[in-house]
Amino acid sequence: MFADKDISKFNNIETPFYYYDTDLLQETLQTCAAAAAPYKFHIHYALKANFNAVLLNQIKEIGFGADCVSAGEVRRAVEVGFDNKKIVFAGVGKSDKEINEALDLDIFCFNVESIQELAVLNELAGKKGKIAQVAIRINPNVDAHTHHNITTGLDENKFGINSWDLTECAETLKASPNLKFIGIHFHIGSQITNLDVYKNLCVRVNEFAAWFEDKGFNLKVLNVGGGLGIDYYHPDHQIPDFESYFKIFNEFLTVKPGQEVHFELGRALVGQSASLITRVLYIKNGKKKNFVVLDAGMTELMRPALYQAYHKIENLSKTPNSEPKTSNLVKYDIVGPICESTDCFGKEVEQPESFRGDIFAIRSAGAYGEVMASKYNLRDAIKSVYSYEI
Ligand SMILES: Cc1ncc(COP(=O)(O)O)c(C=O)c1O
Ligand SMILES: N[C@@H](CCCC[NH3+])C(=O)O
(Lines give C-alpha, C1' and ligand atoms only; values in the text may rest on other atoms or scores of the structure.)
(Ligands and ions follow the chains in the order given, each with its own letter.)
Protein backbone atom coordinates (compact mmCIF):
# COMPACT_ATOMS: atom_id res chain seq x y z
CA MET A 1 0.00 0.00 0.00
CA PHE A 2 2.68 2.49 0.91
CA ALA A 3 5.88 0.97 -0.39
CA ASP A 4 5.33 2.21 -3.93
CA LYS A 5 3.91 5.58 -2.98
CA ASP A 6 5.47 8.86 -2.11
CA ILE A 7 4.55 9.43 1.49
CA SER A 8 5.55 13.08 1.33
CA LYS A 9 1.87 13.63 0.53
CA PHE A 10 1.19 13.00 4.21
CA ASN A 11 3.70 15.58 5.37
CA ASN A 12 1.40 18.58 5.17
CA ILE A 13 -1.63 16.93 6.71
CA GLU A 14 -2.28 17.43 10.38
CA THR A 15 -2.00 14.12 12.22
CA PRO A 16 -3.46 11.86 13.44
CA PHE A 17 -5.92 10.76 10.75
CA TYR A 18 -7.35 7.64 9.17
CA TYR A 19 -6.14 7.21 5.62
CA TYR A 20 -8.63 5.27 3.48
CA ASP A 21 -7.46 3.61 0.30
CA THR A 22 -10.71 3.63 -1.67
CA ASP A 23 -9.11 1.84 -4.63
CA LEU A 24 -8.16 -1.07 -2.42
CA LEU A 25 -11.65 -1.10 -0.95
CA GLN A 26 -13.12 -1.23 -4.44
CA GLU A 27 -10.87 -4.14 -5.40
CA THR A 28 -11.80 -5.99 -2.21
CA LEU A 29 -15.51 -5.46 -2.79
CA GLN A 30 -15.30 -6.59 -6.39
CA THR A 31 -13.32 -9.69 -5.44
CA CYS A 32 -15.88 -10.57 -2.79
CA ALA A 33 -18.84 -9.97 -5.09
CA ALA A 34 -17.26 -12.06 -7.86
CA ALA A 35 -16.53 -14.93 -5.44
CA ALA A 36 -20.13 -14.94 -4.12
CA ALA A 37 -21.83 -14.58 -7.51
CA PRO A 38 -21.58 -18.19 -8.77
CA TYR A 39 -23.48 -19.37 -5.69
CA LYS A 40 -25.96 -16.46 -5.68
CA PHE A 41 -24.99 -15.72 -2.07
CA HIS A 42 -26.32 -12.45 -0.61
CA ILE A 43 -23.90 -10.14 1.23
CA HIS A 44 -24.97 -7.68 3.88
CA TYR A 45 -22.13 -5.45 5.01
CA ALA A 46 -21.90 -5.19 8.82
CA LEU A 47 -21.89 -1.43 9.46
CA LYS A 48 -20.46 -1.90 12.93
CA ALA A 49 -17.06 -2.51 11.35
CA ASN A 50 -17.06 0.99 9.86
CA PHE A 51 -20.02 3.28 9.20
CA ASN A 52 -18.05 5.93 7.31
CA ALA A 53 -20.42 7.22 4.61
CA VAL A 54 -17.77 7.33 1.86
CA LEU A 55 -17.08 3.63 2.32
CA LEU A 56 -20.76 2.82 2.69
CA ASN A 57 -21.49 4.51 -0.58
CA GLN A 58 -18.97 2.30 -2.36
CA ILE A 59 -20.39 -0.79 -0.64
CA LYS A 60 -23.95 0.13 -1.58
CA GLU A 61 -22.92 0.69 -5.21
CA ILE A 62 -21.50 -2.82 -5.45
CA GLY A 63 -24.99 -4.07 -4.55
CA PHE A 64 -24.51 -5.35 -1.01
CA GLY A 65 -27.14 -4.92 1.69
CA ALA A 66 -26.61 -3.56 5.21
CA ASP A 67 -26.43 -5.39 8.51
CA CYS A 68 -27.15 -2.91 11.32
CA VAL A 69 -27.00 -3.15 15.07
CA SER A 70 -28.73 0.07 16.17
CA ALA A 71 -31.32 2.48 14.86
CA GLY A 72 -28.44 4.86 14.22
CA GLU A 73 -26.86 2.36 11.85
CA VAL A 74 -30.21 1.68 10.17
CA ARG A 75 -30.65 5.44 9.69
CA ARG A 76 -27.13 5.78 8.33
CA ALA A 77 -27.75 2.94 5.84
CA VAL A 78 -30.98 4.58 4.66
CA GLU A 79 -29.29 8.01 4.39
CA VAL A 80 -26.53 6.56 2.25
CA GLY A 81 -29.17 5.03 -0.02
CA PHE A 82 -29.19 1.33 0.80
CA ASP A 83 -32.48 -0.19 -0.28
CA ASN A 84 -34.62 -0.59 2.88
CA LYS A 85 -35.43 -4.07 1.65
CA LYS A 86 -31.74 -4.96 1.94
CA ILE A 87 -31.37 -3.80 5.56
CA VAL A 88 -31.35 -6.21 8.48
CA PHE A 89 -31.41 -5.17 12.11
CA ALA A 90 -29.60 -7.40 14.61
CA GLY A 91 -28.57 -6.87 18.22
CA VAL A 92 -29.19 -8.40 21.61
CA GLY A 93 -30.63 -5.20 23.09
CA LYS A 94 -32.86 -3.34 20.66
CA SER A 95 -34.88 -0.69 22.48
CA ASP A 96 -38.59 -0.15 21.76
CA LYS A 97 -37.72 3.20 20.20
CA GLU A 98 -35.22 1.55 17.88
CA ILE A 99 -37.64 -1.22 16.93
CA ASN A 100 -40.36 1.34 16.17
CA GLU A 101 -38.00 3.35 14.01
CA ALA A 102 -36.97 0.26 12.03
CA LEU A 103 -40.63 -0.79 11.66
CA ASP A 104 -41.44 2.64 10.23
CA LEU A 105 -38.64 2.21 7.71
CA ASP A 106 -40.00 -1.18 6.57
CA ILE A 107 -36.60 -2.88 6.69
CA PHE A 108 -36.15 -6.38 5.31
CA CYS A 109 -35.76 -8.30 8.55
CA PHE A 110 -35.17 -8.23 12.30
CA ASN A 111 -32.64 -10.76 13.55
CA VAL A 112 -34.19 -11.54 16.90
CA GLU A 113 -32.01 -12.63 19.81
CA SER A 114 -34.44 -13.63 22.59
CA ILE A 115 -37.96 -14.94 23.13
CA GLN A 116 -38.88 -11.79 25.02
CA GLU A 117 -37.73 -9.69 22.08
CA LEU A 118 -40.05 -11.71 19.81
CA ALA A 119 -42.99 -10.83 22.05
CA VAL A 120 -42.05 -7.13 22.13
CA LEU A 121 -41.58 -7.00 18.36
CA ASN A 122 -44.92 -8.74 17.81
CA GLU A 123 -46.64 -6.21 20.07
CA LEU A 124 -44.97 -3.14 18.55
CA ALA A 125 -45.60 -4.31 14.98
CA GLY A 126 -49.24 -5.01 15.89
CA LYS A 127 -49.69 -1.46 17.21
CA LYS A 128 -48.57 -0.16 13.83
CA GLY A 129 -50.67 -2.64 11.89
CA LYS A 130 -47.52 -4.12 10.36
CA ILE A 131 -46.09 -7.60 9.87
CA ALA A 132 -42.38 -7.71 10.74
CA GLN A 133 -40.17 -10.25 9.01
CA VAL A 134 -37.95 -12.04 11.53
CA ALA A 135 -35.02 -14.40 11.54
CA ILE A 136 -34.11 -16.13 14.78
CA ARG A 137 -30.51 -15.76 15.86
CA ILE A 138 -29.50 -19.13 17.25
CA ASN A 139 -26.48 -19.64 19.45
CA PRO A 140 -25.05 -22.83 17.90
CA ASN A 141 -22.34 -23.46 20.51
CA VAL A 142 -19.61 -23.57 17.86
CA ASP A 143 -16.13 -22.47 18.89
CA ALA A 144 -14.82 -19.81 16.49
CA HIS A 145 -11.22 -20.32 17.63
CA THR A 146 -10.60 -16.61 17.83
CA HIS A 147 -9.83 -14.18 20.68
CA HIS A 148 -12.19 -15.03 23.57
CA ASN A 149 -13.44 -11.42 23.68
CA ILE A 150 -14.76 -11.62 20.12
CA THR A 151 -16.28 -15.11 20.27
CA THR A 152 -20.06 -14.93 20.12
CA GLY A 153 -21.43 -18.41 19.41
CA LEU A 154 -20.75 -20.36 22.60
CA ASP A 155 -23.33 -21.29 25.27
CA GLU A 156 -21.69 -18.85 27.68
CA ASN A 157 -22.15 -15.89 25.29
CA LYS A 158 -25.06 -13.48 25.56
CA PHE A 159 -25.93 -13.62 21.86
CA GLY A 160 -28.78 -15.49 20.24
CA ILE A 161 -31.33 -18.02 21.45
CA ASN A 162 -29.94 -21.22 22.93
CA SER A 163 -30.91 -24.59 21.49
CA TRP A 164 -32.79 -25.61 24.66
CA ASP A 165 -35.12 -22.61 24.21
CA LEU A 166 -36.05 -23.34 20.60
CA THR A 167 -39.27 -25.25 21.39
CA GLU A 168 -40.59 -22.26 23.31
CA CYS A 169 -39.31 -20.00 20.54
CA ALA A 170 -41.22 -22.00 17.89
CA GLU A 171 -44.41 -21.82 19.98
CA THR A 172 -43.98 -18.05 20.39
CA LEU A 173 -43.52 -17.65 16.65
CA LYS A 174 -46.71 -19.62 15.95
CA ALA A 175 -48.59 -17.43 18.43
CA SER A 176 -47.32 -14.13 16.97
CA PRO A 177 -49.66 -12.90 14.24
CA ASN A 178 -47.61 -9.78 13.56
CA LEU A 179 -44.39 -11.65 12.81
CA LYS A 180 -43.41 -13.46 9.65
CA PHE A 181 -40.71 -15.99 10.40
CA ILE A 182 -38.40 -16.15 7.40
CA GLY A 183 -35.19 -17.76 8.55
CA ILE A 184 -32.42 -18.59 10.96
CA HIS A 185 -29.36 -16.49 11.75
CA PHE A 186 -25.95 -17.29 13.20
CA HIS A 187 -22.79 -15.34 13.95
CA ILE A 188 -20.15 -17.22 15.88
CA GLY A 189 -17.41 -14.61 16.22
CA SER A 190 -15.02 -12.30 14.49
CA GLN A 191 -11.48 -12.44 13.05
CA ILE A 192 -11.87 -16.13 12.17
CA THR A 193 -8.82 -17.35 10.29
CA ASN A 194 -9.34 -21.09 10.57
CA LEU A 195 -11.88 -21.78 7.84
CA ASP A 196 -12.63 -25.27 9.21
CA VAL A 197 -14.66 -23.50 11.88
CA TYR A 198 -17.20 -22.68 9.17
CA LYS A 199 -17.58 -26.36 8.30
CA ASN A 200 -18.64 -26.96 11.91
CA LEU A 201 -21.04 -24.04 11.64
CA CYS A 202 -22.60 -25.48 8.46
CA VAL A 203 -23.24 -28.80 10.21
CA ARG A 204 -25.09 -26.98 12.98
CA VAL A 205 -27.05 -24.74 10.57
CA ASN A 206 -28.21 -27.86 8.69
CA GLU A 207 -29.35 -29.44 11.98
CA PHE A 208 -31.28 -26.36 13.11
CA ALA A 209 -32.84 -25.86 9.67
CA ALA A 210 -34.05 -29.48 9.68
CA TRP A 211 -35.43 -28.99 13.19
CA PHE A 212 -37.54 -25.99 12.14
CA GLU A 213 -38.68 -27.67 8.93
CA ASP A 214 -39.78 -30.70 10.94
CA LYS A 215 -41.96 -28.35 12.98
CA GLY A 216 -43.64 -27.19 9.77
CA PHE A 217 -41.77 -23.91 9.25
CA ASN A 218 -40.62 -22.86 5.83
CA LEU A 219 -37.19 -21.20 5.92
CA LYS A 220 -36.48 -18.69 3.19
CA VAL A 221 -33.20 -17.37 4.63
CA LEU A 222 -30.15 -19.10 6.07
CA ASN A 223 -28.02 -16.28 7.47
CA VAL A 224 -24.57 -17.51 8.48
CA GLY A 225 -23.26 -14.14 9.76
CA GLY A 226 -19.75 -12.87 9.16
CA GLY A 227 -16.46 -13.20 10.96
CA LEU A 228 -14.01 -13.85 8.14
CA GLY A 229 -10.64 -12.59 9.37
CA ILE A 230 -7.87 -10.60 7.75
CA ASP A 231 -4.09 -11.04 7.90
CA TYR A 232 -2.93 -8.36 10.34
CA TYR A 233 0.64 -9.62 10.00
CA HIS A 234 0.76 -9.09 6.24
CA PRO A 235 -1.35 -6.05 5.44
CA ASP A 236 0.16 -5.97 1.96
CA HIS A 237 -1.50 -9.29 1.10
CA GLN A 238 -4.64 -7.23 1.48
CA ILE A 239 -7.53 -9.18 -0.02
CA PRO A 240 -8.98 -12.07 2.02
CA ASP A 241 -9.53 -15.45 0.40
CA PHE A 242 -13.23 -15.02 -0.32
CA GLU A 243 -13.21 -17.89 -2.82
CA SER A 244 -12.20 -20.53 -0.27
CA TYR A 245 -14.60 -19.05 2.26
CA PHE A 246 -17.69 -19.19 0.03
CA LYS A 247 -16.68 -22.57 -1.33
CA ILE A 248 -17.01 -24.08 2.15
CA PHE A 249 -20.60 -22.89 2.48
CA ASN A 250 -21.41 -24.10 -1.00
CA GLU A 251 -20.04 -27.52 -0.12
CA PHE A 252 -21.26 -28.00 3.44
CA LEU A 253 -24.52 -26.09 3.72
CA THR A 254 -27.75 -27.80 2.68
CA VAL A 255 -29.68 -25.23 0.69
CA LYS A 256 -33.19 -26.11 -0.48
CA PRO A 257 -34.65 -24.70 -3.71
CA GLY A 258 -35.93 -21.19 -3.13
CA GLN A 259 -33.73 -20.65 -0.07
CA GLU A 260 -31.30 -17.72 0.12
CA VAL A 261 -27.94 -17.80 1.91
CA HIS A 262 -27.02 -14.51 3.58
CA PHE A 263 -23.64 -13.35 4.87
CA GLU A 264 -22.79 -10.41 7.12
CA LEU A 265 -19.19 -9.50 6.45
CA GLY A 266 -17.54 -6.54 8.15
CA ARG A 267 -13.81 -6.73 8.79
CA ALA A 268 -12.98 -8.76 5.68
CA LEU A 269 -14.41 -6.03 3.45
CA VAL A 270 -12.95 -2.89 5.01
CA GLY A 271 -10.17 -3.97 7.38
CA GLN A 272 -7.17 -3.63 5.11
CA SER A 273 -8.26 -0.43 3.41
CA ALA A 274 -7.23 1.98 6.12
CA SER A 275 -4.20 2.92 8.17
CA LEU A 276 -4.00 5.23 11.12
CA ILE A 277 -1.42 7.85 10.22
CA THR A 278 0.30 9.43 13.18
CA ARG A 279 3.41 11.41 13.97
CA VAL A 280 6.13 10.88 16.55
CA LEU A 281 5.83 13.48 19.27
CA TYR A 282 8.70 12.35 21.43
CA ILE A 283 11.36 9.70 21.79
CA LYS A 284 12.10 8.63 25.33
CA ASN A 285 15.12 6.48 25.89
CA GLY A 286 14.91 4.84 29.28
CA LYS A 287 17.18 2.38 31.05
CA LYS A 288 14.87 -0.54 30.48
CA LYS A 289 12.80 0.67 27.55
CA ASN A 290 12.81 3.00 24.61
CA PHE A 291 9.51 4.68 23.90
CA VAL A 292 8.11 6.20 20.76
CA VAL A 293 5.31 8.54 21.86
CA LEU A 294 2.82 9.04 19.01
CA ASP A 295 0.12 11.67 18.61
CA ALA A 296 -2.49 8.88 18.19
CA GLY A 297 -3.49 6.60 21.01
CA MET A 298 -6.13 4.21 22.20
CA THR A 299 -8.72 6.95 21.77
CA GLU A 300 -8.16 6.71 18.02
CA LEU A 301 -7.54 2.93 17.73
CA MET A 302 -8.68 0.95 20.72
CA ARG A 303 -8.07 -2.61 19.55
CA PRO A 304 -4.53 -3.06 20.93
CA ALA A 305 -5.53 -1.75 24.37
CA LEU A 306 -8.80 -3.69 24.41
CA TYR A 307 -7.78 -7.06 22.99
CA GLN A 308 -3.99 -6.85 22.89
CA ALA A 309 -4.63 -6.96 19.15
CA TYR A 310 -1.67 -6.90 16.80
CA HIS A 311 -1.46 -4.19 14.13
CA LYS A 312 1.62 -3.87 11.97
CA ILE A 313 3.42 -0.60 12.67
CA GLU A 314 5.61 1.07 10.06
CA ASN A 315 7.77 4.15 10.24
CA LEU A 316 6.88 5.65 6.86
CA SER A 317 9.62 8.23 7.11
CA LYS A 318 11.99 5.26 6.72
CA THR A 319 10.37 3.67 3.64
CA PRO A 320 12.48 3.28 0.48
CA ASN A 321 11.08 6.52 -0.93
CA SER A 322 12.27 8.66 1.94
CA GLU A 323 15.67 9.81 3.02
CA PRO A 324 16.92 7.42 5.71
CA LYS A 325 18.34 9.32 8.66
CA THR A 326 19.82 6.12 10.00
CA SER A 327 19.49 2.39 9.41
CA ASN A 328 19.94 1.36 13.06
CA LEU A 329 17.20 -0.92 14.33
CA VAL A 330 15.90 -0.17 17.83
CA LYS A 331 13.29 -1.94 19.98
CA TYR A 332 10.58 0.48 21.06
CA ASP A 333 7.38 0.38 23.03
CA ILE A 334 5.14 2.36 20.72
CA VAL A 335 2.69 4.28 22.84
CA GLY A 336 0.05 7.00 22.61
CA PRO A 337 -0.50 10.14 24.66
CA ILE A 338 -3.42 8.86 26.77
CA CYS A 339 -3.12 8.59 30.54
CA GLU A 340 -3.45 4.80 30.59
CA SER A 341 -0.65 2.28 30.67
CA THR A 342 -2.56 0.09 28.20
CA ASP A 343 -2.33 2.92 25.67
CA CYS A 344 0.28 1.00 23.75
CA PHE A 345 0.22 -0.10 20.10
CA GLY A 346 3.07 -2.56 20.47
CA LYS A 347 5.79 -3.59 22.89
CA GLU A 348 9.42 -4.18 21.97
CA VAL A 349 8.65 -3.49 18.32
CA GLU A 350 11.76 -3.36 16.17
CA GLN A 351 11.88 -0.19 14.08
CA PRO A 352 14.52 1.89 12.34
CA GLU A 353 15.83 4.48 14.79
CA SER A 354 13.00 7.00 14.95
CA PHE A 355 12.88 10.73 15.53
CA ARG A 356 10.45 13.44 16.52
CA GLY A 357 8.32 14.27 13.48
CA ASP A 358 8.58 10.85 11.79
CA ILE A 359 5.32 9.61 10.32
CA PHE A 360 4.06 6.20 11.40
CA ALA A 361 1.32 4.06 9.87
CA ILE A 362 -0.64 1.63 11.98
CA ARG A 363 -1.93 -0.77 9.39
CA SER A 364 -5.11 -2.81 8.88
CA ALA A 365 -7.17 -0.25 10.77
CA GLY A 366 -10.22 -0.05 8.50
CA ALA A 367 -12.44 -2.24 10.67
CA TYR A 368 -13.32 -1.46 14.29
CA GLY A 369 -10.88 1.46 14.20
CA GLU A 370 -12.40 4.87 13.60
CA VAL A 371 -15.82 3.66 14.76
CA MET A 372 -14.47 2.65 18.15
CA ALA A 373 -12.73 5.98 18.76
CA SER A 374 -13.63 7.67 22.03
CA LYS A 375 -13.66 11.14 23.52
CA TYR A 376 -11.57 10.11 26.49
CA ASN A 377 -9.15 12.85 27.55
CA LEU A 378 -11.27 15.21 25.41
CA ARG A 379 -9.11 14.65 22.38
CA ASP A 380 -9.96 16.22 19.03
CA ALA A 381 -12.17 13.96 16.92
CA ILE A 382 -10.13 11.87 14.51
CA LYS A 383 -10.27 12.93 10.86
CA SER A 384 -10.53 10.86 7.67
CA VAL A 385 -8.45 11.38 4.54
CA TYR A 386 -9.19 9.48 1.32
CA SER A 387 -6.72 8.28 -1.27
CA TYR A 388 -8.57 10.12 -4.05
CA GLU A 389 -8.04 13.45 -2.25
CA ILE A 390 -4.25 13.46 -2.09
C1 LIG B 1 -24.32 -10.30 14.22
C2 LIG B 1 -23.05 -9.90 13.57
N3 LIG B 1 -22.95 -9.99 12.22
C4 LIG B 1 -21.83 -9.63 11.59
C5 LIG B 1 -20.72 -9.18 12.28
C6 LIG B 1 -19.50 -8.80 11.48
O7 LIG B 1 -18.41 -9.48 11.88
P8 LIG B 1 -17.02 -9.38 11.11
O9 LIG B 1 -16.60 -7.96 11.09
O10 LIG B 1 -16.13 -10.22 11.92
O11 LIG B 1 -17.25 -9.94 9.74
C12 LIG B 1 -20.76 -9.08 13.66
C13 LIG B 1 -19.58 -8.69 14.45
O14 LIG B 1 -18.82 -9.56 14.87
C15 LIG B 1 -21.96 -9.45 14.33
O16 LIG B 1 -22.07 -9.33 15.64
N1 LIG C 1 -14.57 -4.90 17.83
C2 LIG C 1 -14.00 -6.19 17.56
C3 LIG C 1 -14.87 -7.09 16.80
C4 LIG C 1 -16.22 -7.24 17.39
C5 LIG C 1 -17.15 -7.63 16.35
C6 LIG C 1 -18.57 -7.31 16.69
N7 LIG C 1 -19.34 -8.45 17.06
C8 LIG C 1 -12.62 -6.01 16.97
O9 LIG C 1 -12.13 -4.93 16.97
O10 LIG C 1 -11.99 -6.94 16.56
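**Close-up views of a predicted protein–ligand model**

**Figure 1. The largest nonpolar core.** Within the largest nonpolar core, which holds 105 residues, Tyr 45, Cys 68, Ile 87, Phe 89, Leu 121, Val 134 and Leu 222 touch the most other members. Helix α7 (residues 196-214) provides the largest share of this core, six residues. At least three residues of the core come from each of domain 1 (7-17 + 272-389) and domain 2 (22-271). A nonpolar core is here a set of buried Ala, Val, Leu, Ile, Met, Phe, Trp, Tyr and Cys residues joined through C-beta atoms within 7 Å. A residue is termed buried if 20 or more other C-beta atoms lie within 10 Å of its own, exposed if 12 or fewer do, and partly exposed in between, with C-beta atoms placed from the backbone. In soluble globular proteins, nonpolar side chains tend to be buried together.

The model is predicted: local features need pLDDT of at least 70, side-chain atom pairs count only at pLDDT 80 or more, and totals for chains, interfaces and linings use all residues. Residues are numbered from 1 along each chain as its sequence is written, while chains are lettered from A and ligands numbered from 1 in the order in which they are written.

**Figure 2. Contacts of Tyr 45.** Apart from residues up to four places away in sequence, Tyr 45 touches Ile 59, Phe 64, Ala 66, Asp 67, Leu 265, Gly 266 and Leu 269. Two residues are in contact if their C-beta atoms, placed from the backbone, lie within 7 Å.

**Figure 3. The shell around ligand 1.** Ligand 1 is surrounded by 18 residues, of which Ala 46, Ser 190, Gly 226, Gly 266 and Arg 267 are the closest. A residue is assigned to the shell if its C-beta atom, placed from the backbone, lies within 6 Å of the molecule. Strand β10 (260-265) and helix α9 (267-270) each contribute at least two residues of this shell. By class, the shell comprises seven nonpolar, seven polar and four charged residues. Ala, Val, Leu, Ile, Met, Phe, Trp, Tyr, Cys and Pro count as nonpolar, Asp, Glu, Lys and Arg as charged, and the others, Gly among them, as polar.

**Figure 4. The boundary between the two domains.** The protein chain is divided into domain 1 (7-17 + 272-389) and domain 2 (22-271), with bounds taken from an automatic or database domain assignment. The domain centres, taken over C-alpha atoms, are separated by 33 Å. Contacts across the boundary involve 17 residues of domain 1 and 23 residues of domain 2. The side of domain 1 that touches domain 2 has seven nonpolar, seven polar and three charged residues.

**Figure 5. The cis peptide bond at Pro 16.** Thr 15 and Pro 16 are joined by a cis peptide bond, with omega about -5°. Pro 16 belongs to the segment before β1 (17-20). Helices (H or I, at least four residues) and strands (E, at least two) are DSSP runs, numbered from the N terminus.

**Figure 6. The loop between β16 and β17.** Tyr 368 is located in the loop between β16 (359-362) and β17 (383-386). Although not a glycine, Tyr 368 has a positive phi of about 55°. Tyr 368 counts as buried because 23 C-beta neighbours lie inside 10 Å. Leu 378 is placed in the loop between β16 and β17, and this residue, although not a glycine, has a positive phi of about 50°. Leu 378 counts as exposed because it has 6 C-beta neighbours inside 10 Å. Ser 374 lies in the loop between β16 and β17 and is exposed, with 12 other C-beta atoms within 10 Å. Setting aside neighbours within four places in sequence, Ser 374 is in contact with Thr 299 and Met 302. The C-alpha atom of Ser 374 is separated by 43 Å from that of Thr 254, 120 residues apart along the chain.

**Figure 7. The surroundings of Gly 336.** With 26 other C-beta atoms within 10 Å, Gly 336 is buried. Neighbours within four places in sequence left aside, Gly 336 is in contact with Leu 294, Ala 296, Gly 297, Met 298, Asp 343 and Phe 345. Gly 336 and Val 292 are 44 residues apart in sequence, and their C-alpha atoms are 8.3 Å apart in space.
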